[in-house]
Structure formats: C-alpha cells, structure tokens
Amino acid sequence: MEAYLNIMKRLIVSAVNISEGGPLAILIDGLDAASISLGPEWEIFALVHESGLIKNPRIRTIEFPESKKSWFNRIRLEWFGFNVLSRKLKPDLWLSLHDITPRIKAKRQAVYCHNPAPFFGISLKEALLAPNFALFTWFYRYLYRPFIHRNYSVIVQQCWIRDAFRELYRHPSIVVAHPAASNIEGNSSLSRISSPKSRIVFFYPALARVFKNYEVLCKAVKSLPKSVSDRLEVIMTIDGSENHYTRNLRRRYGDITALKFIGKQNREAIERIYA
C-alpha cells in the first residue's frame with residue numbers, strides 16, 4: 001500500500017458541508033472536469049457527507065456523515081480529523097471547497113471561499129427573520145482566518161470579495177474564479193422575448209436565504225406599473241415553506257401574479273427550466 005501511494009498522485013477535494021444548490025453544482029462539475037483533464041496517474045478523492053452525491057465512477061468518495069450535524073463536528077473534522085487523513089493519503093493537492101482552511105499536511109493546498117455572508121450588512125429585521133444566519137454572518141469571518149496562510153491560493157468568486165479578503169487577511173495570492181459559460185444548449189427564449197405580445201420570463205434559482213436578495217426582486221416587481229408587470233413572469237425557487245424569511249415574503253408578495261413561487265428544484269429541473 002505504501003509503495004502504491006508513493007507512485008500515484010492524489011487530488012483531494014473536500015466538500016463535507018456541501019449538499020445542495022450552486023455549491024453542489026460546482027462540486028460535481030469540478031470533479032467531472034478533473035476526471036477528464038487529469039491522467040491515469042492521478043487518484044481523485046472527494047470528501048463528502050454522503051457518497052451518493054457523486055456519480056462519477058472515477059471519483060473515490062470518503063463519507064463523513066457526522067460532518068453536517070453540528071458546527072463542533074465540522075470544526076473537529078477540519079482541524080483535527082483531516083490532519084490524520086492527509087498524513088495517510090499524502091495528497092499532492094488538497095482543495096477545500098467550503099471556506100474553512102483545514103489543518104492538514106499536503107504538498108499544496110487551496111481553499112475556495114464562496115460564501116459572501118460575512119460581508120452582508122444584516123438589518124435588525126433580517127436578523128429577527130433569520131437569527132441563525134445573523135450569528136453566521138457575525139461569526140464566520142473569524143472562521144475564515146485560522147490557517148488561511150497555509151493555502152497556496154485562496155479562490156473567490158468576485159473581485160470585490162478578493163479586495164475584502166486582501167484587506168482582512170493579507171493573503172498574497174487571492175484568485176478570482178469567473179464562472180464558466182453555461183453548457184445548456186439552445187437559445188429559444190430570444191424569439192419569445194422579441195415579440196411585444198409575449199410574456200418575458202425571468203428565472204432566479206437560489207437557495208432560501210436572506211442574503212440572496214429575494215426581497216429586492218419582489219419589491220422591484222411590485223413597483224412596476226400593471227401594463228409592464230402583466231407581461232412578466234418572474235420564477236423563484238422558493239415557496240414560503242422554507243423558513244421565516246420566505247414565509248414573510250410569500251405573505252407580503254404572494255398576490256402579485258407576475259411572481260411565481262415554485263419551490264426548491266433539483267439540478268435536472270433547473271436545467272430544464274433554463275432550456
């Protein structure tokens with residue numbers, strides 16, 4: 001076993017806190033891309049809370065079902081459990097896809113910080129609607145800090161987050177990973193939009209969280225004159241059953257016919273709607 005580990009190269013993608021939405025799509029797409037671009041000398045491991053999330057046969061999954069049960073479990077895993085695993089697998093690259101930098105031993109490691117919540121200026125009203133999220137925003141920026149300078153690179157989604165990280169953490173290498181072009185084929189919606197008699201459809205797929213700006217969207221549609229809103233259909237992937245925040249939105253804006261509350265959708269349904 002030891003000789004085998006010394007021959008192979010290993011990529012470990014840590015994603016034990018990812019289970020839905022955009023982060024899950026990034027995880028699946030990233031692993032699929034790695035399985036295509038990396039040669040047979042590479043072993044690819046995905047650390048997940050549930051092995052069934054990953055369908056690619058080339059990806060070796062290691063399951064950590066306790067990781068999402070509490071923050072204590074998560075921190076213990078990131079700062080202690082993964083250290084033991086890294087010394088066993090001896091990775092060439094350890095990529096953490098969910099914000100916290102693990103305390104591990106690897107030739108090179110990087111962290112993808114995709115959550116902008118620590119920079120969200122939460123109001124008292126929003127804090128009352130989503131108290132757990134309020135605690136999350138106040139506490140999370142301090143979870144970014146430990147061990148962050150162990151990373152060869154810190155990866156973020158937008159330039160403003162890069163600038164904020166530079167100011168807060170003084171890391172020398174912060175990379176902006178711009179989203180790739182969609183692989184959804186076809187552009188049939190253009191012909192519908194070009195006709196003044198047809199309805200114009202906007203689709204906003206996002207999780208039911210305060211910082212996703214659903215209220216901004218609802219207020220914007222409500223402010224439109226009826227002659228305009230009658231031609232619109234704004235589809236949102238919430239239905240009011242998720243939490244206090246979305247229940248409040250559904251109560252206040254549910255009678256606006258242009259707003260369609262369709263609830264959470266899986267990735268296949270999202271792609272069908274896009275197409």
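Start by selecting helix α6, residues 159-169, in this predicted model. Its buried residues pack against α5 (131-144), β6 (153-156) and β7 (174-176). Now show the side chains of those buried residues: Ile161, Ala164, Phe165 and Tyr169. Look along the axis and you'll find that they cover an arc of only 100 degrees, which puts them on the same side of α6. Before you leave, click on Arg170, which follows α6 and has a positive phi, near 55 degrees.

To see the contact itself, pick Trp71, Ile75 and Trp79 on α3, then Phe136, Tyr140 and Leu143 on α5. Of these contact residues, six are nonpolar, with no polar and no charged ones.

Time for a sheet. Select β8, β9 and β10, three strands that form an open sheet in that order, with parallel pairing. Which strands sit at the edges? They are β8 (200-204) and β10 (259-261), each pairing on one side only. Ignoring direction, neighbouring strands here are turned by 20 degrees against each other on average.

Zoom in on β9, residues 232-236, and you'll find three bridges joining this strand to β10. Click Val234, whose bridge partner in β10 is Leu259.

Note on methods
Residues numbered from 1 in each chain as written. Predicted model: local features only at pLDDT ≥ 70, side-chain atom pairs only at ≥ 80, totals over all residues. Heavy atoms only, no water. Buried < 20%, exposed > 50% of the residue type's maximum accessible area, 1.4 Å probe, protein only. Helix = DSSP H or I, 4+ residues; strand = E, 2+ residues; numbered from the N terminus. Arc of directions from axis to C-beta. Contact = heavy atoms within 4.5 Å. Nonpolar A, V, L, I, M, F, W, Y, C, P; charged D, E, K, R; others polar. Pairing = 2+ DSSP bridges. Axes fitted to C-alpha atoms, helices over the stretch in contact; angles between N-to-C directions.
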